[in-house]
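Here is a briefing on one protein chain.

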Amino acid sequence: MSALVEELRKERERFVAFAFAAAEIFFEIDAGGTILFEGGAVEKIGAGQASGSHVGSTIYDIIEEDDRDVFSALKLHLEHKGRLGPIPIRFKGHGGQNFALRLFGLHMPGENSRTFLALRSAPLGGGVGEQSIDQETGLLTKDGFLDLAATTMAENSAGNNLYMTAVEVDGLEEAQKKFGPKFAKNLLGRMAAQLKTISVDGQMAGQIGDKHFAFLHRSQSDGKYIGESLKNVDDNVELKTAVSTMSADNEMTEDQILRTLSYVLSKFCEDSASVDFDQLTAAYDGMAGEVKERVTSMRSMIESGSFKMAFQPVVSLKTGDIHHNEVLSRFDGKMDQKTPRDVIGFAEDVGMIEEFDIALCNKAIDYVRKMKKLGESLTLAVNLSGRTLESGRFIDEFVSLLSGAKDISRHLLLELTETKAIKNMEKAEAILSDLKSIGYRVCLDDFGTGASGYHYLRTFNVDLVKIDGAYVRDMNTPGYKPTFLLSIVRLCRDLGIKTIGEHVETRFQADFLKSLGVDYGQGFHYGKPEFSPKLNK
């Protein structure tokens, strides 16, 4: 009778465990990883099982070899956390296939401690591209981590707590010297597995420096816990760790919390030598108040539209006529007297540039319509960050705004900046093509600063290219040869794209650009930014 009661108790616990996640596949394993019970579509995974059942074999037999460290870390963390997931893990399939599944783990301690695993085939969100992941460790790159962190709060509504922990690990270089690069690679892989499995969605962990790592998590104690856990990754090496867990006060919204965390860590990554790691938390606390105030001021300015527009003319080098005016933003003292470049840079760093782009476009559209009513034909160019084209939250609002302004579409140029932020080129190209189909024109800013510019030129169907001002400034150097500048002009001419030379300050520069075939010029030679646009007489 007692055996029956025990079996009924186990069945009840299995049912409870199964119910905690609507699993397609379900396993119960013991402390050693042996499968005690299975359910669901288990026939999909685990090639080579003669009986068709996995009971009696170990869970490691059906996990892809490269992901076994991740699962080992999951088991270890489950003893501390009790419940974890979703964690992306690849399982073996038939015919050499493998399946990337989301794994949820539930650990029940006791004399016969057991772990329940629920697997789902639904893909993880987050927009993690291959270019954002280090292929050796599986961790996000520094830029990948910061970019993904900047969007996580907006897309993840699971709770209000969010912490970012930076981890400093000493001893990695010594381990490589003593045991060789292969050992060091495996060691780093096991460390990465520990960081990933305890992070949000099992993927919010990155390597931000040679010995610095960071991860997002939802329990404050995870930072200290992972610091201790990493010390014991391998008995053959002595690793020393220091952790700095950052969180924001409860008065901040979730959105502001992550913006602040991402901004502070980004600044640390830029110059880690300027901030003692042990003082990173204190530095964060000091910066958090300032960032909070600046975010609040920025949002108030965006919502009220209290910023101003200045206009700088772009002139035809052949005729001297004004082709259009570029809109440049100007801010009042509420932004602490920061330069316009500083304010825009801050908006990019804390993830508010999308909102500002929309506000600026809205103001420019209203201005063009007002001038049209006064009988003045005016064309404006507004800056559009590549981050806005990548935004899941704001892109629909942005497209809707421009779609509702078809009446002035021929009088508004979209000057694409921050193109390096664009990860999904096909999506961005489709958005720009739709806008071009209703009359908007597109200008590619700062062309020539890197090889990637040619990739954007090939991908996007642009109307104008603004040549980086460095090519114009270089004209003043002795022995200057316009080889690269000329190649840009010829390429654009062959593609039917007009060119703009910026930072034109002298007649000599203007005439030189004209002789090379550049179409338009912009700079102090033609006029400084003013609060009233220049018009053709």
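Buried means under 20% relative accessible area, exposed means over 50%, and partly exposed lies in between (1.4 Å probe, protein chains only). By that cut-off C492 is buried, with a relative accessible area of 0%. This is a predicted model: local features need pLDDT of at least 70, side-chain atom pairs count only at pLDDT 80 or more, and totals for chains, interfaces and linings use all residues. Residues are numbered from 1 along each chain as its sequence is written, and side-chain values use heavy atoms, with hydrogens and water left out.

**Overall figures**
- The protein chain has 537 residues, and 50% of them count as buried.
- It holds 17 helices and 17 strands. Helices (H or I, at least four residues) and strands (E, at least two) are DSSP runs, numbered from the N terminus.
- Among contacts in the chain with a separation of 6 or more, 66% link residues 24 or more positions apart. Contact means heavy atoms within 4.5 Å.
- The accessible surface is about 25,700 Å², and carbon and sulfur atoms own 48% of it. These areas come from the Shrake-Rupley method with a 1.4 Å probe; for residues, only the protein chains shown count as cover.

**The antiparallel sheet**
- Four strands form an open sheet in the order β7-β8-β6-β9, with antiparallel pairing. Two strands pair if DSSP finds at least two bridges between them.
- The edges are β7 (205-207) and β9 (240-246), each of which pairs on one side only.
- Neighbouring strands of this sheet are turned by 20° against each other on average, direction ignored. Axes are lines fitted to C-alpha atoms, for helices over the stretch in contact, and angles run from 0 to 180 degrees between N-to-C directions.
- Strands β6 (residues 163-170) and β8 (residues 212-217) share 6 bridges in the antiparallel sense. Within this pair, T165 stands opposite F215 of β8.
- Helix α5 (residues 181-197) packs on the sheet and touches β6, β7 and β8. Its direction makes about 25° with that of β8.
- Helix α6 (residues 222-231) also packs on the sheet, touching β6, β8 and β9. The direction of α6 makes about 165° with that of β9.

**Parallel pairing around β16**
- Strand β15 (residues 464-467) pairs with β16 (residues 498-501) in the parallel sense over 4 bridges. I467 has G501 as its bridge partner in β16.
- Strand β16 is also joined to β17 (residues 520-521) by 2 bridges, again parallel. Here G501 stands opposite G521 in β17.

**Buried polar residues**
- E28 sits in strand β1 (residues 25-29). It is buried, at 1% relative accessible area.
- The side chain of E28 makes a polar contact with the side chain of R114 (2.8 Å). A polar contact is a pair of N or O atoms within 3.5 Å; within protein, one must be able to donate a hydrogen and the other to accept it, and residues adjacent in sequence count only if both atoms are side-chain atoms.
- Q509 lies in helix α17 (residues 507-516). Q509 counts as buried because its relative accessibility is 2%.
- Beyond its neighbours within four places in sequence, Q509 is in contact with V472, R473, M475, N476, H503 and V504.

**Cysteines**
- The structure holds 0 disulfides. A disulfide is a pair of cysteine sulfur atoms within 2.5 Å.
- C492 is in no disulfide, and the nearest cysteine sulfur, that of C443, is 9.9 Å away.
- C361 is buried, with 1% relative accessible area.
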